[in-house]
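Here are some exercises to work through with the model open beside you. Try each task before you read its solution.

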Amino acid sequence: MSLKRIAYSSGEPAGIGPDIALYLVQQLVQQQWPCELVILGNKQLLQDRAQQLGLVVSCEDYEPSRPPQLWPPGTLLVAEHELAAPVRAGQLEPANSHYVLDLLRHAGEGCMRGEFDAVMTGPVHKGVINDAGIVFSGHTEFFAQLSNTRQVVMMLATEGLRVALVTTHLPLSKVPAAITQPLIESVTEIVASELSLRFQCQRPKLLMCGLNPHAGEQGHLGLEEIEHIAPALRTLQARGIDVSGPWPADTVFQPHYLETADAVIAMYHDQGLPVLKYRGFGNAVNITLGLPFVRTSVDHGTALDKAGTGTIDIGSACYALETALTMVTE
């Protein structure tokens, strides 16, 4: 297996993103991950956080022209980015929001020009970025805009369960109007295509949720299933995609249904993700489908209260890195 170069965007500097980088590099050789992990971040911040955590690390400057290589445990290969203000673990600073977005831009652009094989992102804090006067709704939307990709899909995965979303970071009041037949069709086609291409699923089997309780109860509890979801299902099935539904969301997440399915398609964020996170929180990965490059992420937030404490669990980060490697090597 050839050595891959994976970029890690270390995210909100006051959160646990830098801590994740420090713990990950301790395990690269032990876990036998065939990759060079490039930490996009600030060297001084990483060294300060390592000291706070009682970790011994060494830093190397990242050189894009140098072929990927395996580094000794505890070696941070850092692509340097300047902070706008000093960082204190657990204390948000809006002035550093542009730094966070610069990391993401470097990661995405580096993937598109072939410098990186994939990007794994650490957690960011949407609130402080918006407080800095920058409109930002999430990684998914940022990378879509950066890469000029018309349609992307947010999918979370853990052992035995994948959940893809028709709508992502929308207020619940706006979800029904956003559920349209063209959107359902394009999301489902991307999911089927990416599962086949990136995960080696032969003719993926998909289960689609309804929007309303009991999937609308034949129109008595809502018409979205009749007017948008069912027509989309018929069109997708006619195109050869193995998708069924609309299933009531309180029924479909049962072993009887999931054991033969490759993914569940949920209509909105909090319809599918609470189930997945209950099943696999701390050992799940967020994947953006439809981009011209591979992007994975941890399944949790910045955990400001844990930054610099040495009490974090990097299970999700390990799963995100392993998933990125699977997606670029299969």
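Contact here means heavy atoms within 4.5 Å. This is a predicted model, in which local features need pLDDT of at least 70, side-chain atom pairs count only at pLDDT 80 or more, and totals for chains, interfaces and linings use all residues. Residues are numbered from 1 along each chain as its sequence is written, and side-chain values use heavy atoms, with hydrogens and water left out.

**Exercise 1.** Describe how domain 1 and domain 2 meet.

Step 1: find the parts. Domain 1 covers 4-149 + 291-328 and domain 2 covers 153-277, with bounds from an automatic or database domain assignment. Their centres, taken over C-alpha atoms, lie 30 Å apart.

Step 2: look at the contact. Here 10 residues of domain 1 touch 10 residues of domain 2.

Step 3: look for polar links. The interface has 4 residue pairs in polar contact, both at pLDDT 80 or more. (A polar contact is a pair of N or O atoms within 3.5 Å; within protein, one must be able to donate a hydrogen and the other to accept it, and residues adjacent in sequence count only if both atoms are side-chain atoms.)

**Exercise 2.** Check the length of helix α7 (residues 181-199).

Step 1: helices are DSSP runs (H or I, at least four residues), numbered from the N terminus. The expected span is 1.5 Å times one less than the number of residues.

Step 2: Gln200 follows α7 and has a positive phi, near 55°.

Note on methods. Helices (H or I, at least four residues) and strands (E, at least two) are DSSP runs, numbered from the N terminus.
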